[in-house]
Amino acid sequence: MGDVLRYAASKESVPECVDGFANFYFVTDSPGKARAQLEKGINPMARIAVGDDVRRPAVMIRSSPWKAGSEQTPWHDVFDIDNGHVRYFGDHKPEIAKPVGTTPGNAALLEVFDGHQAPTADGRAAAAPLLLFRSVSKNGKVKGHVQFCGVALIERAERVVQWGGQDRTTFTNYVFDLVVIDLTAEDDAVDWDWITARRDSDRTDAEVLERAPEAWREWVKHGHTVLPRLRRRVARSQVVKVRDQRPEIGGLMEADLQAVYKRFDHDKHAFEVLAAVVAAKVMRASGHSYAEGWLTRRSGDGGADFVGRLDLGSGLAGTKLVVLGQAKCIKPESLVSAEQIARVVARLRRGWIGVYVTTGSYSEPAQLEMVEDQYPVVLINGQDLIKELYEIAGKDHGGDLMRCVDDLLSSRSLEVLNRRPEEILFD
């Protein structure tokens, strides 16, 4: 996904590259079959007979942003690939006298939509995938290059009234909401052999399904109920699964994490000091200067347990950022929710950042919300907390991490002050 292909006028499958870009016709070549093309916005491959049934191998979609708003193309397609959504307008136009659903492109997509709404796995296995492309400008040219934008299926189809044509009159068209599926399991790539197999009348739907992307197979098996988790979400790649945030069961790290939790479960103040020390270490690991500030009062902290300052650069080329920290000593098997992180976020002002330190883990929805909304919050889970403590204590902590933690706390102290966080900028 994201690769730009050369869509040359010669339409030859060789050479492999043209003008420094992968040759579209080479990439989409199915030996012995008609070439795949993107001459129109909606390009359905010819249906083939499979036993007593028929199968359409795929429908290739091309959007041309440079045409949007013109008399030729009065609508604006929406390609939100990062969030797995495309809103694509059909091929009806003001000057076309045919009924809105009978133009070649609309008719093909409505046929595909029926397949995507099939109530059975067998019906969905025969349904045609949509292969999405977007025209892009390269070397000053608006034509001749396309970008691959993924595999999609139709979630919704509706009629809309639009303005268009030389007379700027209204006309009816179809608009299709597409779900772009997640291709993480395939490293954001599609094996063209899947499409080639779908073009082979000797292969059953079940056989060709074996070559399909994992998310497509999941959709065929379970239907639309699984679309929310199969939809492409770039933010998901930055989410750490809960199991990966927790130490190996039965290992030394798990035992140490449990020990830390038990030690501070009834001494929240001491845990806030520990969290502030660990946060300072994490902040300094980026190579910047970090100044520890103070602890906030226990009541009415408003989502902040400690305050620090991150110094970036120096002199006129430098700036200072307020750091608000939240410390939560909870059971290691517990999860921090989005609502809990939101308490810290609510306190942040422009140019401030947050840091959340816990002995538990962060739920995946909480992480996803934080990434998508671009919250400037550093998350330190229980496993990472122990790793940082190992480094502070030294590689050889003699199997007694808690002794090292107690020594650390006895040598460090942070005042509990009733100061506004921004005051640290002037310390």
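Helices α9 and α12 are roughly perpendicular to each other, and I would like to open with that pair. Please keep in mind that the structure before us is a predicted model.

Helix α9 covers residues 268–284 and helix α12 covers residues 382–393. Their axes come within 10 Å and cross at roughly 80 degrees. That angle lies in the range of 65 to 115 degrees, which is why the pair counts as roughly perpendicular. On the α9 side, the residues in contact are F271, L274, V277, V278, K281 and V282. They meet L385, E388, L389, E391 and I392 in α12. Sorted by class, this contact holds 8 nonpolar and 3 charged residues, and no polar ones.

Let me stay with α9 and turn to its packing with α8. Helix α8 comprises residues 252–264. The axes of α8 and α9 are 8 Å apart, and the packing angle is about 130 degrees. The two helices are therefore oblique to each other. From α8, the contact involves V260, R263 and F264; from α9, it involves K268, A270, F271 and L274. Here the classes are 5 nonpolar, no polar and 2 charged residues. F271 and L274 meet residues of α8, and F271 and L274 also belong to the contact of α9 with α12.

One further residue of α8 deserves a remark, namely A255. A255 is partly exposed, at a relative accessible area of 44%. Between A255 and F79 there are 48 Å in space, C-alpha to C-alpha, and the two are 176 residues apart in sequence.

The axes of α12 and helix α13, residues 401–411, come within 10 Å and cross at roughly 75 degrees. This makes α12 roughly perpendicular to α13. The contributors from α12 are I386, L389, Y390, I392 and A393, and those from α13 are L401, C404, V405 and L408. By class, the contact has 9 nonpolar residues, with no polar and no charged ones. L389 and I392 of α12 take part in this contact, and L389 and I392 also meet residues of α9.

Strand β17, residues 353–358, runs parallel to β19, and 4 bridges join the two. Within this pairing, V357 stands opposite I380 in β19.

Phi of Q374 is near 55 degrees, a positive value in a residue other than glycine. Is Q374 buried or exposed? At 68% relative accessibility, Q374 counts as exposed, because the cut-off for that class is over 50%.

A second residue with positive phi is K11, whose value is near 60 degrees. K11 is placed in the loop between β1 and β2. With 21% relative accessibility, K11 counts as partly exposed. The loop between β1, residues 4–6, and β2, residues 17–18, also holds P15. V14 and P15 are joined by a cis peptide bond, with omega at about 5 degrees. As background to these backbone remarks, most residues other than glycine have a negative phi, and most peptide bonds are trans.

N43 is buried, its relative accessible area being 10%. What does the side chain of N43 reach? It is the backbone nitrogen of E39, at 3.3 Å. Leaving aside residues up to four places away in sequence, N43 touches Q37, L38, A58, V59 and M60.

Technical notes. Residues are numbered from 1 along each chain as its sequence is written. This is a predicted model: local features need pLDDT of at least 70, side-chain atom pairs count only at pLDDT 80 or more; totals for chains, interfaces and linings use all residues. Side-chain values use heavy atoms; hydrogens and water are left out. Axes are lines fitted to C-alpha atoms, for helices over the stretch in contact, and angles run from 0 to 180 degrees between N-to-C directions. Angles under 35 degrees count as roughly parallel, over 145 as roughly antiparallel, 65 to 115 as roughly perpendicular and the rest as oblique. Contact means heavy atoms within 4.5 Å. Ala, Val, Leu, Ile, Met, Phe, Trp, Tyr, Cys and Pro count as nonpolar, Asp, Glu, Lys and Arg as charged, and the others, Gly among them, as polar. Two strands pair if DSSP finds at least two bridges between them. Buried means under 20% relative accessible area, exposed over 50%, partly exposed in between (1.4 Å probe, protein chains only). A polar contact is a pair of N or O atoms within 3.5 Å; within protein, one must be able to donate a hydrogen and the other to accept it, and residues adjacent in sequence count only if both atoms are side-chain atoms.
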